[in-house]
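Let's take a friendly walk through a protein model. Have the sequence and the 3D view ready, and look up each residue as we reach it.

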Amino acid sequence: MPLSFLKIFSELEQAEREGVLIRYAVGGAIAATYYLEAIETEDVDVFCVVDPRALASLDPFRGAYDWFRARGATWRDEHLVIDGWSLHLLPSTGPLVDDALEHPTRVLVDGQPVNLLSWPHLAAIALETNRPKDRVRLAMMWSEDDFDRAAFLSLVARYSLSERWSKLLPLLEEVE
Amino acid sequence: MTESLKRALSAKRAQREASKKKPFAEKLAMLEKLRERHEVIARSRSGAALPKRSGR
């Protein structure tokens with residue numbers, strides 16, 4: 001594993017151990033790369049929960065940003081940069097992401113643990129976000145033999161995404 | 001669909017399948033190389049000095 005990712009993953013683990021992040025899970029293209037083929041990106045998207053007391057402030061991630069910067073991360077265009085990678089700390093956007101953060105997939109990469117969004121959660125969040133690139137990624141996931149469709153569909157039903165899914169499914173089946 | 005297009009799509013699919021089976025660490029290494037390449041291109045376009053290689 002490249003040293004950059006080793007550093008990023010170990011920093012996330014340390015941030016969680018020290019309570020800077022209450023919970024975290026890497027999502028976006030990096031998580032998708034674990035389940036699919038390598039998906040080009042320059043960003044590491046990290047969904048996270050911070051101390052509830054910080055949520056009352058105007059910038060709830062300020063403490064986390066300061067912690068990473070004190071440990072060598074730099075700051076560029078309003079996000080952290082570690083070894084050239086833009087690290088985006090993302091707050092939960094609702095109950096689906098809350099659930100994803102409570103049920104991450106724990107992965108060991110060359111001995112380094114890291115939390116990733118579970119595959120069904122990653123797909124459901126893509127459906128919820130619903131940008132063109134999310135739909136492309138969802139199509140890729142849906143076509144995989146080992147994708148847990150039942151778990152995904154359960155999230156779709158639980159988090160009120162059924163209507164959106166029923167519109168998208170025929171398009172995905174056309175691609176298949 | 002023409003035969004040549006079918007063959008190209010089939011080759012692309014095989015390439016994707018092979019890439020998928022690689023260990024996560026290898027896929028991350030691929031992403032790192034791509035990111036470094038983009039950084040070099042961006043710096044050369046802006047006229048900024050290239051970073052010294054860290055030995056990675």
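## Ground rules

Two residues are in contact here when heavy atoms lie within 4.5 Å of each other. The model is predicted, so to speak: local features need pLDDT of at least 70, side-chain atom pairs count only at pLDDT 80 or more, and totals for chains, interfaces and linings use all residues. Residues are numbered from 1 along each chain as its sequence is written, chains are lettered from A and ligands numbered from 1 in the order in which they are written, and side-chain values use heavy atoms, leaving out hydrogens and water.

## A glutamine with several neighbours

Start with A:Q112, which sits in strand β7 (residues 112-116) of chain A; strands are DSSP runs of E with at least two residues, helices are runs of H or I with at least four, and both are numbered from the N terminus. Leaving aside residues up to four places away in sequence, A:Q112 touches A:M1, A:L6, A:F9, A:S10, A:E13 and A:V107.

Is A:Q112 buried or exposed? Its relative accessible area is 11%, so A:Q112 is buried (buried means under 20%, exposed over 50%, partly exposed in between, with a 1.4 Å probe and protein chains only).

## Where two chains cross

Helix α1 (residues 3-17) of chain A packs against helix α2 (residues 24-46) of chain B at an angle of about 110°, with the axes 9 Å apart. Axes are lines fitted to C-alpha atoms, for helices over the stretch in contact, and angles run from 0 to 180 degrees between N-to-C directions. That makes α1(A) roughly perpendicular to α2(B) (65 to 115 degrees; under 35 is roughly parallel, over 145 roughly antiparallel, the rest oblique).

At this contact, A:S4, A:F5 and A:F9 from α1(A) meet B:F24, B:L28 and B:E32 from α2(B).

## Rings that meet

Rings of Phe, Tyr and Trp (its six-membered ring) pair if their centres lie within 6.5 Å; planes under 30 degrees apart are stacked, over 60 edge-to-face, the rest tilted. By this rule there are 14 aromatic pairs over all chains. In one of them, the ring centres of A:W142 and A:W165 are 4.8 Å apart and the planes stand at 70°, so the pair is edge-to-face. A:W142 belongs to helix α6 (residues 132-142) and A:W165 to helix α8 (residues 162-175), both of chain A, so the pair ties together parts 23 residues apart in sequence.

A:W165 is buried, at 6% relative accessibility. A:F152 and A:W165 also form an edge-to-face pair, 4.9 Å centre to centre with 80° between the planes.
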